Amino acid sequence: MHLPLLFTVIAWIIAFLWIWRATVLLGNLPKLPDLLLQAEATVPATKPFVSVIVPACNEEKAIEQTLRSLLAQEGVTVEILAVNDRSTDSTGSIMERVAAEASNNNLRVIHVKELPAGWMGKIHAMALAARQASAPWLLFTDADVVFREDCLRRALHYAGSEADHFVLSPTLILKTFGERMMLAAIQALTFITWRPWKIADPESRDSIGIGAFNLIRSDVYRSIGGFESLRLEVLEDLRFGHLVKQSGYRQRFVLGRDLIRIHWAAGAIGIVRNLTKNVFAIFRFKPWQLSGAGLGLGLFCLVPVIAIFGSWSARVPALIALAFAAAVYGYIGRKLTGVSVTYVLTLPVAACFIMYALFRSMLVTLVRGGVVWRGTFYPLADLRKHAGPLR
């Protein structure tokens, strides 16, 4: 087969993939519940009670805002367990100051001085705090998440009758062009290759866990072994969600723009660094799986752009693919990110950055023989041994 003809065939295959995945996504994503559209019941006689666990390591820039947003929650009784996980900055002292200023003494600070062998630091911090929690609901969150004052009231009202494990999609704070370019592409590609509307289906294998908002009944948490069963799991949030779903409990994933907000990374390079830390773990540290995903990403995102400059036979499927990509960007932008549909034009550049992050994550981990997280080195052999399935 001549190269121009082969390229045209590939362009049409990519176009049909975009049509298929975008149609499935746009037909099903509106089915996801939105907390902001849920009718709220009358205020119950007894406020819902939740223990919020906030692990933090060197988070002096963000931790105060997170804790104060939790203290300001309305319509719920909140017990906050803030864990200072071996911080070398002023995180611990900020926690203590905010706790001393809390009017109802519902913020308790736990200081971790040493990490026991065989544990990831964050996982140990969450497990330690969970043992001391007293509420029927546990919320595991991150130290840089900002909560709207009605967030927990809405979440507990919905989860109370619908879920054993409840995950709220965070709204990303995007400050720069690079952040909008990268995270718009990451969210679009994530949703187009994933089926979040299937999470509520008990017959489906699809599951979810997000470190910014994992709300779970305390008895369910204990029944799956808690975080003690995930001591050396890099992707503890995803694996946690998998265990919940696998154990037969009700799991829900909902939207709710601006109910929780997080600035995930600074600039495009900051996002690449964050991906470097953990993206190899998504592929369970298997080089062939990551390499295949990187190649597929390149074909999926770059072929339509290259084909535009080719013959008309290749240009037509390229324009079709880009039109469906724009439809995905437009919907997700309106519903989740607030990013303009015009950022679809930056998809090829973002894809190159993402491919670089994929291969960088793999190469750095293989060369080091493991990962460094919160100042501790974890050998690759140990990580592979404890890397259970995510689906």
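This is a predicted model: local features need pLDDT of at least 70, side-chain atom pairs count only at pLDDT 80 or more; totals for chains, interfaces and linings use all residues.
Local features require pLDDT of at least 70 and side-chain atom pairs pLDDT 80 or more, while totals for chains, interfaces and linings use all residues. Residues are numbered from 1 along each chain as its sequence is written, and side-chain values use heavy atoms, without hydrogens and water.

**Exercise 1. Give the strand order of the open sheet of seven strands, and find its edges.**

Step 1. Strands (E, at least two residues) and helices (H or I, at least four) are DSSP runs numbered from the N terminus. Two strands pair if DSSP finds at least two bridges between them.

Step 2. The order is 3-2-1-4-8-6-9, and the pairing is mixed. Strand 3 (107-112) and strand 9 (251-254) are the edges, each pairing on one side only. From one strand to the next the twist averages 20°; axes are lines fitted to C-alpha atoms, for helices over the stretch in contact, with angles from 0 to 180 degrees between N-to-C directions.

Step 3. Val112 in strand 3 is the bridge partner of Asp85.

**Exercise 2. Describe how helix 5 and helix 8 are placed on the sheet.**

Step 1. Contact means heavy atoms within 4.5 Å. Helix 5 lies across strand 1 (49-56), strand 2, strand 4 (137-140), strand 6 (165-168), strand 8 (214-217) and strand 9. Its direction is at about 45° to strand 8.

Step 2. Helix 8 (residues 236-246) packs on the sheet and touches strand 6, strand 8 and strand 9, making about 30° with the direction of strand 8.

Step 3. The buried residues of helix 5 (residues 151-162) include Leu152, Arg154 and Tyr158. Buried means under 20% relative accessible area, exposed over 50%, and partly exposed in between (1.4 Å probe, protein chains only).

**Exercise 3. Locate Asn58 and Asp258, and state the phi of each.**

Step 1. Most residues other than glycine have a negative phi. Asn58 has a positive phi near 55°, and Asp258 has a positive phi of about 75°.

Step 2. Asn58 is in the loop between strand 1 and helix 2 (63-71), and is partly exposed at 35% relative accessible area. Asp258 is in the loop between strand 9 and strand 10 (260-262), and is partly exposed at 33%.

**Exercise 4. Is Thr8 buried or exposed, and which residues does Thr8 touch?**

Step 1. Thr8 lies in helix 1 (residues 3-28). Thr8 counts as buried because its relative accessibility is 10%.

Step 2. Not counting residues up to four places away in sequence, Thr8 touches Ser311, Ser313 and Ala314.

Notes: The expected span of a helix is 1.5 Å times one less than its number of residues.
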